[in-house]
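Please keep the viewer at hand as you read.

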Amino acid sequence: MAPALIVVVFLGLATMALKATGPVLLEGRPLPPRATAVVASMGPSLLAALIAVSTFEGDRSLVLDERVLGMVGAGIALRFKVPSLIVVIIAAAVTATARAIR
Amino acid sequence: MSHVTLAPTDTLAAMSNPEGAPPSSRAAGARASIPLAAPVFAFGVSFGALAEAAGIQPLLAIAMSATTFAGSAQFAATSILTEGGGAAAALIAGILLNTRYMPIGISLSPALDGPTWKRFLHAQLAVDESWAIAHTGGGRFDKGLLIGAGLTLYLSWIVGTSLGVVAGGFLGDPARLGLDAAFPALFLVLVAPRLRECDARWAALGGAAIALTLVPLAPAGIPILVAVIPPLLIARFSWLRH
């Protein structure tokens with residue numbers, strides 16, 4: 001099997017299994033109260049981790065670059081309660097502009 | 001925020017209709033994911049171009065987007081193949097990046113009902129963005145929001161990949177357009193309203209701190225997976241408090 005085929009087949013199978021483990025095995029039953037408490041704060045925790053990593057991650061290092069300016073723009077836009085589409089566009093536009101200037 | 005604040009009413013509709021997700025809830029999910037449809041499409045194009053350059057057959061690249069449906073893992077695995085890192089290294093990197101989908105799947109499972117094959121298929125629509133959109137607060141998730149957002153992003157990803165393998169990188173580097181900043185920006189939009197609660201603020205602070213600490217130390221994927229540790233600690237302490 002070619003390396004690419006191996007990766008596509010097994011990464012696909014592994015990812016589908018990781019995503020489906022809970023929904024298939026738990027059969028839609030409600031989680032025990034303790035697990036629900038974990039899940040409740042998993043949203044903010046994972047989202048904050050995703051924000052932090054996708055803003056500051058370099059090649060296995062932390063970097064400060066134009067993405068930070070984009071996120072500052074997004075934060076200010078959020079303060080003014082603009083729609084989420086505009087917040088996202090502002091983040092991209094600020095980041096792209098800063099990169100073009102540099 | 002107008003897109004996202006539609007969610008609670010639709011969640012009420014979903015609860016009054018246990019048969020499944022009402023169309024309105026799916027439409028709200030699709031609307032909430034629209035800010036990311038263009039960035040996901042653009043990254044799909046650049047993934048297709050990368051896969052083509054790596055010598056992956058066009059249909060195989062599209063199959064990868066259809067089955068793995070997780071951008072960072074696909075980019076990482078394909079880059080390792082391009083650099084001659086071998087199938088095992090590519091596979092391990094991709095799987096590590098996707099380990100977070102096990103806790104994410106578990107968090108969604110109470111919301112996914114129906115026969116096994118349906119629960120399996122709906123679970124495949126979970127990516128970071130659709131999961132965040134489907135969260136209606138307090139650890140509850142809405143199936144319709146997940147399906148609406150997940151399908152929108154799935155189509156953007158597949159169509160983007162298909163164009164990328166055929167037309168190459170005609171859009172250039174998505175980073176030049178600042179599109180890499182679109183993802184954290186939407187996550188910020190989605191997390192901000194939750195930060196009024198004390199537990200959520202601690203969870204967010206802990207998740208971000210632990211992930212950033214681990215970025216230079218651990219392989220990609222692990223820093224985000226370990227963000228489940230603060231919620232475990234918080235749940236334990238709130239259990240003791242009560």
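Chain B has 13 helices and two strands; helices (H or I, at least four residues) and strands (E, at least two) are DSSP runs, numbered from the N terminus. Buried residues account for 54% of the 242 residues in this chain, where buried means under 20% relative accessible area, exposed means over 50%, and partly exposed lies in between (1.4 Å probe, protein chains only). Among contacts in chain B between residues at least 6 apart in sequence, 73% join residues at least 24 apart; a contact means heavy atoms within 4.5 Å.

A word on the source: this is a predicted model, in which local features need pLDDT of at least 70 and side-chain atom pairs count only at pLDDT 80 or more, while totals for chains, interfaces and linings use all residues. Residues are numbered from 1 along each chain as its sequence is written, chains are lettered from A and ligands numbered from 1 in the order in which they are written, and side-chain values use heavy atoms, with hydrogens and water left out.

**Where the two chains meet**

On the chain B side, 87 residues are in contact with 68 residues of chain A. The area buried between the two chains is about 6700 Å², and carbon and sulfur atoms give 78% of that. Buried area here is the accessible area (1.4 Å probe) that two parts lose on being put together, summed over both.

How many salt bridges are counted between chain B and chain A? The count is one, and the partners are the side chains of A:Arg99 and B:Asp180, at 2.9 Å from N to O. The rule for a salt bridge asks for a side-chain nitrogen of Lys or Arg within 4 Å of a carboxyl oxygen of Asp or Glu. Twelve residue pairs are in polar contact between the chains, both residues at pLDDT 80 or more. A polar contact is a pair of N or O atoms within 3.5 Å; within protein, one must be able to donate a hydrogen and the other to accept it, and residues adjacent in sequence count only if both atoms are side-chain atoms.

Helix 10 (residues 182-191) of chain B supplies the largest share of the side that touches chain A, namely nine residues. By class, that side of chain B has 63 nonpolar, 17 polar and seven charged residues. In this scheme Ala, Val, Leu, Ile, Met, Phe, Trp, Tyr, Cys and Pro count as nonpolar, Asp, Glu, Lys and Arg as charged, and the others, Gly among them, as polar.

A:Ser41 is buried, with a relative accessible area of 5%. Leaving aside its neighbours within four places in sequence, A:Ser41 is in contact with B:Ala203, B:Pro231 and B:Ile234.

**Two domains in chain B**

The domain assignment, whose bounds come from an automatic or database source, gives chain B domain 1 (4-194) and domain 2 (197-242). Six residues of domain 1 are in contact with nine residues of domain 2, and the area buried between these domains is about 620 Å², with 73% from carbon and sulfur atoms. In domain 1, B:Leu96, B:Arg100 and B:Arg194 lose the most area to domain 2, together 60% of what that side buries. Between the domains there are zero salt bridges, and one residue pair is in polar contact (both at pLDDT 80 or more).

B:Lys143 and B:Asp113 join their side chains in a polar contact of 2.7 Å. B:Lys143 is in helix 9 (residues 143-167) of chain B, whereas B:Asp113 lies in the loop between helix 6 (101-108) and helix 7 (116-124).

| Residue | Relative accessible area | Class |
|---|---|---|
| B:Lys143 | 11% | buried |
| B:Asp113 | 32% | partly exposed |
| A:Lys81 | 69% | exposed |

A:Lys81 sits in the loop between helix 3 (66-79) and helix 4 (84-101) of chain A. Its phi is near 55°, a positive value in a residue other than glycine. A:Glu27, in the loop between helix 1 (3-25) and helix 2 of chain A, also has a positive phi, near 50°.
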